[in-house]
Amino acid sequence: MKKLRKNIIVKSFVFFMLIAASILLGCRDIVNGVESEKIAYITFDDGPTKYTRQIVDILDENNVKGTFFMLNNNMIVFKNVVKKLVDEGHGAGFHGVTHDLSKLYETEDSAIEEFKTCNRTFYNITGKTSRLVRIPFGSKPNMLESIYNKFLEEGFLVWDWTIDTEDWKSSQDQIVSNILYYAREKEEIVILLHENQRTVNCLNEIIAILKERGYDIRPITHDVKPKNFW
Ligand SMILES: [Zn+2]
């Protein structure tokens, strides 16, 4: 009788432990599931510039990757920086040649030609190509649908943004608070920054805040479905 009771207690204990373990494992999966869905892409337009090396260093120190949408002529001037950021696994894409709407959309083909030129320059520097593009001033509303379709036909991946930090007119504090405000309740964010001294100054803080909020900071790669205004 005593043995039977002991047996029941042992079996109940094992059963209880199995239930507890499965609940804990289940919870962990759910927690991980939610965490892994929070993704932030930090993007830098208009480079490379004299600031790029500092930006890359800050990203490296924080063990995260950013994405650079580069202008053709700047790539030619800062070849070594282009090589460095590509070698280190940061995302690399293009931002055109002229950065001028009247020239970009002068003809049906002028925009696509600008980005093909970027790709040739990038190939000459790195031996690689990229299909990532960011249209100056965003794809919408300036870009005609027919021109957008040409980009798709050429295999380009058009990336706009979900958070405009307005860093060209904001103080460092405003840049950070813009991100905090516009990122609320968003699972996947694409942050638009430009290469300038203010961005350099507040980049550490931006990264810290994103990490604190549970975002996985990743580079944009070809296998990610582009986030754009279409
Ligand atoms: Zn730009």
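Helices here are DSSP runs of H or I with at least four residues, strands are E runs of at least two, and both are numbered from the N terminus. With those labels, P141 falls in the loop between β4 (132–133) and α7 (145–153). Keep in mind that this is a predicted model.

**Zinc site**
- Three protein donors hold the zinc ion: D46 through OD, H95 through NE2 and H99 through NE2, at 2.1 to 2.2 Å.
- Along the chain, these donors are spaced as D-x48-H-x3-H.
- D46 belongs to strand β1 (residues 39–47), while H99 is in the loop between β3 (91–94) and α5 (101–104), so this pair ties together parts that are 53 residues apart in sequence.
- D46 is partly exposed, at a relative accessible area of 24%, and H99 is also partly exposed, at 25%.

**Aromatic pairs**
- The model has eight aromatic pairs.
- One of them is Y41 with W159: the ring centres are 5.5 Å apart and the planes meet at 65°, so it counts as edge-to-face.
- Y41 is in strand β1 and W159 is in the loop between β5 (157–158) and β6 (163–164), so the pair bridges parts 118 residues apart in sequence.
- Both ends are tucked away: Y41 is buried at 2% relative accessible area, and W159 is buried at 0%.
- F44 and F68 make a stacked pair, with 5.0 Å from centre to centre and 20° between the planes.
- F44 and F68 are both buried.
- Ring pairs also join F115, F151 and F156 into a cluster.

**Charges over rings**
- K38 places its charged end over the ring of Y215, 4.6 Å from the ring centre.
- R184 does likewise with Y181, where its charged end is 4.0 Å from the ring centre.

**Nonpolar cores**
- The largest nonpolar core contains 51 residues, and I135, F151, L203 and L210 have the most contacts inside it.
- Helix α9 (residues 197–212) is the top contributor to this core, with seven residues.
- Leaving aside residues up to four places away in sequence, L203 touches I42, F44, I55, I58, L59 and L193.
- There's a second, separate core of 11 residues, with F69, L132, V190 and V224 among them.

- Most residues other than glycine have a negative phi, and most peptide bonds are trans.
- The G47 to P48 peptide bond is cis, with omega near -10°, and P48 is in the loop between β1 and α2 (52–61).
- The K140 to P141 peptide bond is cis too, with omega near 5°.
- N63 isn't a glycine, yet its phi is positive, near 60°.
- You'll find N63 in the loop between α2 and β2, where it is exposed at 69% relative accessibility.
- F137 also has a positive phi, near 65°.
- F137 is in the loop between β4 and α7, and it counts as partly exposed at 46% relative accessibility.

**One more spot to look at**
- D87 is part of helix α4 (residues 79–87) and is exposed, with a relative accessibility of 64%.
- The C-alpha atoms of D87 and T126 are 8.8 Å apart, although the two residues are separated by 39 residues along the chain.

How values were computed: Residues numbered from 1 in each chain as written. Predicted model: local features only at pLDDT ≥ 70, side-chain atom pairs only at ≥ 80, totals over all residues. Heavy atoms only, no water. Donors = N, O, S within 2.8 Å, 3.2 Å for Na, K, Ca; no water. Buried < 20%, exposed > 50% of the residue type's maximum accessible area, 1.4 Å probe, protein only. Phe/Tyr/Trp six-rings, centres within 6.5 Å; stacked < 30°, edge-to-face > 60°. Lys NZ or Arg CZ within 6 Å of the ring centre and 35° of its normal. Core = buried A, V, L, I, M, F, W, Y, C linked by side-chain atoms within 4.5 Å. Contact = heavy atoms within 4.5 Å.
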